[in-house]
Amino acid sequence: MKKISKLLFLSLFVLTGCDETSSAISNTSSPTSTTTSTTDDDEDTTTIEKSEYQVLVKDEVDKPVTTTRVQWCTESNCFLPVKVDSNGIAKTNLDDNETYYVHLLESSLTETQVYNPNELVQNKDKRDGSITIRTLKDINDISSTGVYTAEVGEDKEVSYTFSLPNGSYTIESWWDYTASSSTDSEFNPSITIGETSDDDSGEGKNFKLDFIVSDTSVKTFKISTNKKNKFNFCIYSK
Amino acid sequence: MACLLITALVYFNFIDTDKKNTSHVHDSTEENVGNDIGNLIPNYTLYNYNTKENYSFRSFKGTFTFINFWGTWCGPCVKEMPEFASLLKEYSDINVIAIHSSPAFTGDDDIDAFKEEVDTFINTHSDGDGVIWKDYGITFLQDDDDSIYKKLGGTSIYPMTYVLDENSIIRRVHNGSISLQALLSDYESYSI
């Protein structure tokens, strides 16, 4: 019965003419020609031309680190992390019309492996770059350059004493604003050493301050924030 | 004659012209299962962080649903989640499923360690009004590695969001972050 009704249906099509039928089919199938994956503005993502981007992950003595994963993120999305090869290099193909914030997948790092999350930004003019993994140092012994973790409690202020050799230094926080949630983006750390403070108060961004250590200089610095938080900072020779 | 042949092929289902059917589908059979627009989403069962039990995709049939693929490792995904919370404040009858992918997970790893990390994140992370993510009303599931993401057609972009009507038919797929406005627009456009 079903077959008979189908044959009758076909006969009807023949009798009524093909032009109209073709049109009906065309109209029905038309929406399938668009890609199933769309952006908010319905652009067809399959037409994007891509170029190769690559990152070298190395340690403080420029030796490749082969155990991490690199992730490329834009303002609105991240791509699946790419494992580095035996030379510490991760490669991927990306759209040249974007800016990419390059990170290392946290779970591919040990607890003492840290890097500057703001170190590498890539775009069509800079498709190569490197990220340096450093070893986190003990905050209770700030006697050399390196990366330390500041932990600011409910009182939103913490002081640390240091014993750096005499010289010129820079201290900067490594908060990652591109990877943080909306409220974390309001995070605003600042630093004071003696009479000198960073001058970005009121804006949510990392502090950076040059200072000189001498026999007579202050040997403490104070970190103030607008909320309880834990983050890394780096001290390096100027 | 050629026209007749095409017509016959279409009618006898040799050519699928209904891949992106925008009409309301009420067929509850599993014949139309797939990951394209117009398909009934396949039935997967994943670990539910809220109940600590397994959760079947068929559980949300009858409810307008957003399925969001995210990761704690994906900044834009983390930034986007409060948009879903805002949506649920306005429309509590909408279902939001947030599936976490752990791309670093391999079969040899201890999946419980990965789950613990995510569980801690959604139990401690809050935005704006201090409400922790687990209390958003979102159902948090775990895609151990990223296999369900890939089976559903995910290539490499996170977040990715599926829009399903009340019959669990896929109506739209968003790659990248979406705003509350876009979510509301989808609900108005595709809700039956």
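Me: Which residues of helix H5 (residues 180–190) of chain B are buried?
Reply: The model is predicted, and buried here means under 20% relative accessible area. In helix H5 of chain B that cut-off selects Leu180(B), Ala182(B), Leu183(B), Leu184(B), Asp186(B) and Tyr187(B).

Me: What do the buried residues of H5(B) pack against?
Reply: Both strands and helices of chain B are among the partners. The buried residues of H5(B) pack against helix H2 (75–90), strand S3 (65–70), strand S9 (160–164) and strand S10 (170–175).

Me: How many residues of strand S7 (residues 139–143) of chain B are buried?
Reply: Thr139(B), Leu141(B) and Asp143(B) point one way from S7(B), while Phe140(B) and Gln142(B) point the other way. Residues on either side are buried. The strand is mostly covered, and the count is five of five.

Me: Does strand S4 (residues 95–101) of chain B run parallel or antiparallel to S7(B), and which residue of S7(B) is the bridge partner of Ile99(B)?
Reply: Five bridges join S4(B) to S7(B), and the two strands run parallel. The partner of Ile99(B) in S7(B) is Leu141(B).

Me: Which residue stands opposite Leu141(B) on the side of strand S1 (residues 45–48) of chain B?
Reply: S1(B) is joined to S7(B) by two bridges, and this pair runs antiparallel. Opposite Leu141(B) in S7(B) stands Asn48(B).

Me: Is Thr74(A) buried or exposed, and which backbone nitrogen does its side chain reach?
Reply: Thr74(A) sits in the loop between strand S2 (69–73) and strand S3 (78–79) of chain A. Its relative accessibility is 3%, so Thr74(A) counts as buried. At 3.1 Å, its side chain reaches the backbone nitrogen of Ser76(A).

Me: Which residue of chain B is in contact with Thr74(A)?
Reply: Neighbours within four places in sequence are left aside. The contacts of Thr74(A) then include Phe79(A), Glu98(A), Thr99(A), Tyr100(A) and Tyr101(A). From chain B, the contact is Pro76(B).

Me: How many residues apart in sequence are the parts tied together by Arg127(A) and Asp96(A)?
Reply: Arg127(A) and Asp96(A) form a salt bridge, with their closest N and O atoms 2.9 Å apart. Arg127(A) lies in the loop between strands S8 and S9 of chain A and Asp96(A) in the loop between strands S5 and S6, so the pair ties together parts whose separation is 31 residues.

Me: How many residues apart in sequence are the parts tied together by Glu157(A) and Lys222(A)?
Reply: The side chains of Glu157(A) and Lys222(A) meet in a salt bridge at 4.0 Å, N to O. Glu157(A) lies in strand S11 and Lys222(A) in strand S16 of chain A, so the separation of the parts they tie together is 65 residues.

Conventions:
Residues numbered from 1 in each chain as written. Chains lettered and ligands numbered in written order. Predicted model: local features only at pLDDT ≥ 70, side-chain atom pairs only at ≥ 80, totals over all residues. Heavy atoms only, no water. Helix = DSSP H or I, 4+ residues; strand = E, 2+ residues; numbered from the N terminus. Buried < 20%, exposed > 50% of the residue type's maximum accessible area, 1.4 Å probe, protein only. Polar contact = N/O pair within 3.5 Å; in protein donor to acceptor, adjacent residues only side chain to side chain. Contact = heavy atoms within 4.5 Å. Pairing = 2+ DSSP bridges.
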